[in-house]
Amino acid sequence: MNTRVIVAGVLSFAAGQAFADGLSGSVSYTDGGGTARPARRITVQVFAANPAGDTLVGEFRTDDAGAWSGSVLPPPGSFGYFVRAVAANDATRVFTVGGVVPYSVSAGGAPLGGGAIPPITIDTSGGNAERSFAVADALQTGWLYGSAMRGAAPARVNTTFPETGAGTASYYEPATGLHIRQWRRYAWDVLTHEYSHYLADIDSLDANPGGPHAFGVSNITPGPDGKLNGVRLAWGEALATYNGTAAQAVSAHPASPTTGDTVYTSLNTDTPASTFEVNLDTHAGTGTTGVNAGEGDETSVMRILWDLADGTGGSEPHDRVTLGHTSLYGMINNDIPGIDQLNGLWNHLITRPGTTDALRVDYGAIFEEYGVSPHPVGDLIGAALMDSDPAPTFEWLRRNNSDNDAFGLIVFDATFSTRLLDITIPGDVTSYTLTAGQWDTLNNHIGAARFVIRGSDTDQYTTGSYWSDAYGFTIIPVPGAVPLAALATVLCARRRRRS
Ligand SMILES: [Zn+2]
């Protein structure tokens, strides 16, 4: 096809070519598996090749399929066109360390007269310029997600690639943007994690103090502000991993290796190639990631965020909540000013208008599953107690990295419509036997009952009280005793005698 367009107003341009040329083309890059993927929304510069000096004659953007088109007007003497793909899209511009012009790759030519320029495929197994397109496209998915969650496009952020400074961390820094190591160029989970640090910065979703951190380990330390810094670090990192993973669930992305699942994979492309994995939706993962070390551990926090947002899984009895990714982002962004730790989200969830005890129990089930809330145990669970039995004993595990140290007990009827008992448990203990008076109050209720243990860590400052899931037991009348209908009267009579 040879498109020649007469542009109004150009005809009087005596010295120049009076005709604009219509050009089109497409740009793709090879992903970590070697498959060509569209280079979405990148800048394409068209130059006229000219003995007097090559001249930029047009700048266009590819679409989501990597295609672009436009009209250009070459200066006199030009003998053809060439195209330069620039590592700049909606999300980012990618620079070498200290660079002032983003990476670009020149490829593809066409004679004067316009038409379709042969498709450009950037082989990212090449140099840093080529590799930068893989980095940019992963970040484009982060940008799509940010735009969808916020209802407004995030401003473009600079990326330094490959970061060559001390250490091995890829990171985000407000003043300079994203810094990505060479071996993370195909690590979408890492790239969208880092982009999510940027979102957290511009939307004030955290107060991350930074510093080293690892999955399955509490960041809370005994020193001054040790708890505050620890829960803030866990929150900031967990939120970045959650949002980066959710970005691939919500927004378009190529089916590149490690993308679009619930596993955070810190894919390492270079020698020694390695892959670390941790699942946000299960307890699975590499190394210590089966551990959920409480509100100071990013593992606990990211898994809680994921289960709050995602659908209810049939194989996950603890996951009965589906806030949705958009609602959860909106809640954190708009409804909880100054949020900087998991406790802020918990307190918001259980106190926001319309929240019932049944819903609090559903939230608690998720916080318990991932090691923050106490974990009820013992013979009472599922037991049938006669109202004449001795007062029952409730037992639990502390959880929250064994730091929960203050507890409460709430006993409900079967449908959570009534709190039959709501008490603070004295002391830092992991079991409690009701007093005679408390049991007397409770066993007025015949039938199914359900209880939660709530726990707080009061060290340095109080967090919680985090609810467990609800666990059942039944209170039954003495065998051969009066029919149920008459029971209330009998119990009242007995109580009167005691008083
Ligand atoms: Zn991070």
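Q: In this predicted model, what makes Gln 460 count as buried, exposed or partly exposed?
A: Gln 460 has 17 other C-beta atoms within 10 Å. A buried residue needs 20 or more and an exposed one has 12 or fewer, so Gln 460 falls in between and is partly exposed.

Q: Which peptide bond involves Ser 465, and is it cis or trans?
A: The bond from Gly 464 to Ser 465 has an omega near 15 degrees and is cis. Ser 465 belongs to strand E24 (residues 463-467).

Q: How do you know whether the peptide bond from Phe 161 to Pro 162 is cis or trans?
A: Omega for that bond is near -10 degrees, and the bond is cis. Pro 162 lies in the loop between strand E12 (157-160) and strand E13 (171-173).

Q: What makes Arg 419 count as buried or exposed?
A: Arg 419 has 11 C-beta neighbours inside 10 Å. The limit for an exposed residue is 12 or fewer, so Arg 419 counts as exposed. Arg 419 is part of strand E21 (residues 419-425).

Q: Which residues does Arg 419 touch, not counting residues up to four places away in sequence?
A: Arg 419 touches Ile 410 and Phe 412. Thr 192, 227 residues away along the chain, has its C-alpha atom 44 Å from that of Arg 419. Contact requires C-beta atoms within 7 Å.

Q: What is Trp 183 in contact with, leaving aside its neighbours within four places in sequence?
A: Its contacts are Asn 268, Thr 269 and Asp 270. Ser 274 is 91 residues from Trp 183 in sequence, and their C-alpha atoms are 10.0 Å apart in space.

Q: Why are H1 and H2 given the orientation term they have to each other?
A: Helix H1 (residues 128-150) and helix H2 (residues 188-203) pack at about 40 degrees, with axes 9 Å apart. Roughly parallel needs an angle under 35 degrees, and roughly perpendicular starts at 65. H1 and H2 are therefore oblique to each other. Their crossing is right-handed.

Q: Which residues of H1 and H2 meet?
A: From H1 they include Val 135, Ala 138, Leu 139 and Gly 142, and from H2 they include Trp 188, Leu 191, Tyr 195 and Leu 199. The contact comprises seven nonpolar, five polar and two charged residues.

Q: At what angle do the axes of H2 and helix H3 (residues 226-250) cross?
A: They cross at roughly 120 degrees and come within 7 Å. The crossing of H2 and H3 is right-handed. Among the residues that meet are Thr 192, His 193 and His 197 in H2 and Leu 239, Asn 243 and Gln 248 in H3. By class, this contact has seven nonpolar, ten polar and one charged residues.

Q: How does the radius of gyration of the chain stand against that of a compact globule of 499 residues?
A: A compact globule of that length would have a value near 23 Å, but the chain has 31 Å. The C-alpha atoms fill a box of roughly 115 × 45 × 35 Å along the principal axes. Nine helices and 25 strands make up its secondary structure elements, and 45% of the residues count as buried.

Methods
Residues numbered from 1 in each chain as written. Predicted model: local features only at pLDDT ≥ 70, side-chain atom pairs only at ≥ 80, totals over all residues. Axes fitted to C-alpha atoms, helices over the stretch in contact; angles between N-to-C directions. Helix = DSSP H or I, 4+ residues; strand = E, 2+ residues; numbered from the N terminus. Parallel < 35°, antiparallel > 145°, perpendicular 65-115°, else oblique. Left-handed = near helix turned anticlockwise from the far one by under 90°. Contact = placed C-beta atoms within 7 Å. Nonpolar A, V, L, I, M, F, W, Y, C, P; charged D, E, K, R; others polar. Rg over C-alpha atoms; globule rule 2.2 N^0.38 Å.
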